[in-house]
Amino acid sequence: MVIILLVVDMEKILVTGGAGLLGSKLINLGPKDFETVACYNRNKPDFDNIREMDLTDRGRVFKVIEKEKPDIIIHTAALTNVDYCEEHEKEAWKINVEGTKNVVEAAKRVNAKMVYISTEYVFDGEHGPYSEDDETNPLGVYAKTKLKGEGEVKNSGLDYMIIRTTVLYGMDRYKQNFVTWVIENLKNDKDIKAVTDQYGSPSFADDVARIIIELIKNRKTGIYNVVGSDIVNRYEFALRIAKVFNLNTKFIKPVTTEESKQKSPRPKKAGLRTDKTQNELKIKPMGIEDGLLKMKEQMENE
Ligand SMILES: NC(=O)c1ccc[n+]([C@@H]2O[C@H](COP(=O)([O-])OP(=O)(O)OC[C@H]3O[C@@H](n4cnc5c(N)ncnc54)[C@H](OP(=O)(O)O)[C@@H]3O)[C@@H](O)[C@H]2O)c1
């Protein structure tokens, strides 16, 4: 009797920013369908297959990527603090643009597909919500570096996908996001200011990761918006967070953008349309209520 063994090689995904909010969710989900490797910078994530890789160290980026030979690179790593970027333009440019260039150049050596995580901040917020092919006009330093990063990926000649997302939230070991910040302050009876005139699409990071993996499995290319299904301002979002987590809303103070004195300009009427992603994948992104309830359940099970 002849036994034929069919061994199917799993594709390999390398995730930059593997300890970040979105990166860690991708690494949690990926292994069902892919071999995964998580790259990290300062914070060492608790995953099996990890590699230290500072994006700005070109030699190291080439070494890691040429050794790992991934089929797909999901590039989530970035300097993501919008106001910090505004005041540290050189550093933002070095990490978000030069760092992306390093990843793209190394990806070319191994012919990996590039999946680049971008932002709704590439738009100016005059006429949102935006579709994938609307005209971009970034306002601040962070937004400009992210759009430039998109350009590096688009012009690489590689197979690519650009995922635009926004207001990511979820459980995170290392860093606060809007939801964890609201919860922490309200729990400690501290006042917070939330702007009333900046609209966007809060996005549960676990759900964004799920949709990105589906897009990859479906071999999509080009630009895709991947965000939660509700568009609200930050003040409304803070109220919804307080409601789901049973916290006192009296500490949430509404302010306008002008009053908030944020260092970086931000789009006001933003938000992203997800019709393309929904139609092509036949899936629905989570709304705020469902995302927050899921996060609450995860926190209770911690
Ligand atoms: N957060 C949002 O609301 C939002 C909205 C729209 C788009 N995005 C985009 O989505 C992506 C993921 O966002 P996120 O919130 O998950 O980010 P995050 O939690 O801030 O994680 C970013 C990761 O990038 C890493 N990183 C920073 N500098 C690096 C360097 N020089 N070399 C290597 N790694 C470096 C950080 O590692 P260390 O901390 O160890 O340095 C961190 O793990 C980003 O590209 C961001 O621009 C985010």
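This is a predicted model: local features need pLDDT of at least 70, side-chain atom pairs count only at pLDDT 80 or more; totals for chains, interfaces and linings use all residues.
Cysteine 85 sits in helix α3, residues 82-87.

Along the sequence, cysteine 85 and tyrosine 142 are 57 residues apart, yet their C-alpha atoms are 5.5 Å apart in space. What else is cysteine 85 in contact with, leaving aside its neighbours within four places in sequence? Besides Tyr142, show Leu79, Ala92, Val141, Thr145 and Ser264.

**Next stop: helix α7**

Select residues 205-217, and you have helix α7, which is 13 residues in length. From its first C-alpha to its last the helix reaches 18 Å, close to the 18 Å expected at 1.5 Å a residue. Colour the buried residues of α7: Ala205, Asp206, Asp207, Val208, Ala209, Ile211, Ile212, Leu215 and Ile216. Just after the helix, click arginine 219, where phi is positive at about 55°.

Leave α7 on screen and bring up helix α1, residues 21-29. The axes of α1 and α7 are 9 Å apart, and the two helices pack at an angle of about 55°. That makes α1 and α7 oblique to each other, and their crossing is right-handed. On the α1 side, the contact is made by Leu21, Leu22, Lys25, Leu26 and Leu29. On the α7 side, pick Ala205, Asp206, Val208, Ala209, Arg210, Ile212 and Ile213. Sorted by class, this contact of α1 with α7 has nine nonpolar residues, three charged ones and no polar ones.

**Two pairings of helix α8**

Select helix α6 (residues 178-187) together with helix α8 (residues 234-244). Their axes come within 10 Å and cross at roughly 60°, so α6 and α8 are oblique to each other. Here too you can look for the handedness: α6 and α8 make a right-handed crossing. Show the side chains of Phe178, Val179, Val182, Ile183 and Leu186 from α6, and Phe237, Ala238, Ile241 and Ala242 from α8, which make the contact. Which classes of residue are in the contact of α6 with α8? Nine are nonpolar, with no polar and no charged residues.

α8 passes α11 in a right-handed crossing. Pick Phe237, Arg240, Ile241 and Val244 of α8, then Ile288, Leu292, Leu293 and Lys296 of α11, to see the contact. By class, the contact of α8 with α11 has six nonpolar residues, two charged ones and no polar ones.

Most residues other than glycine have a negative phi, and most peptide bonds are trans.

- Zoom in on glycine 128 and proline 129: the peptide bond between them is cis, with omega near 0°. Proline 129 is in the loop between β5 (113-119) and α5 (141-154).
- Jump to lysine 69, whose phi is positive, near 45°. Lysine 69 lies in the loop between α2 (58-68) and β4 (72-75), and it is exposed, with 12 other C-beta atoms within 10 Å.
- Finish at lysine 282, in the loop between α10 (275-281) and α11. Its phi is positive, about 55°, although lysine 282 is not a glycine. Is lysine 282 buried or exposed? Lysine 282 counts as exposed because it has 7 C-beta neighbours inside 10 Å.

Technical notes
Residues are numbered from 1 along each chain as its sequence is written. Helices (H or I, at least four residues) and strands (E, at least two) are DSSP runs, numbered from the N terminus. The expected span of a helix is 1.5 Å times one less than its number of residues. A residue is buried if 20 or more other C-beta atoms lie within 10 Å of its own, exposed if 12 or fewer, and partly exposed in between; C-beta atoms are placed from the backbone. Axes are lines fitted to C-alpha atoms, for helices over the stretch in contact, and angles run from 0 to 180 degrees between N-to-C directions. Angles under 35 degrees count as roughly parallel, over 145 as roughly antiparallel, 65 to 115 as roughly perpendicular and the rest as oblique. A crossing is left-handed if the near helix is turned anticlockwise from the far one by less than a right angle, and right-handed if clockwise. Two residues are in contact if their C-beta atoms, placed from the backbone, lie within 7 Å. Ala, Val, Leu, Ile, Met, Phe, Trp, Tyr, Cys and Pro count as nonpolar, Asp, Glu, Lys and Arg as charged, and the others, Gly among them, as polar.
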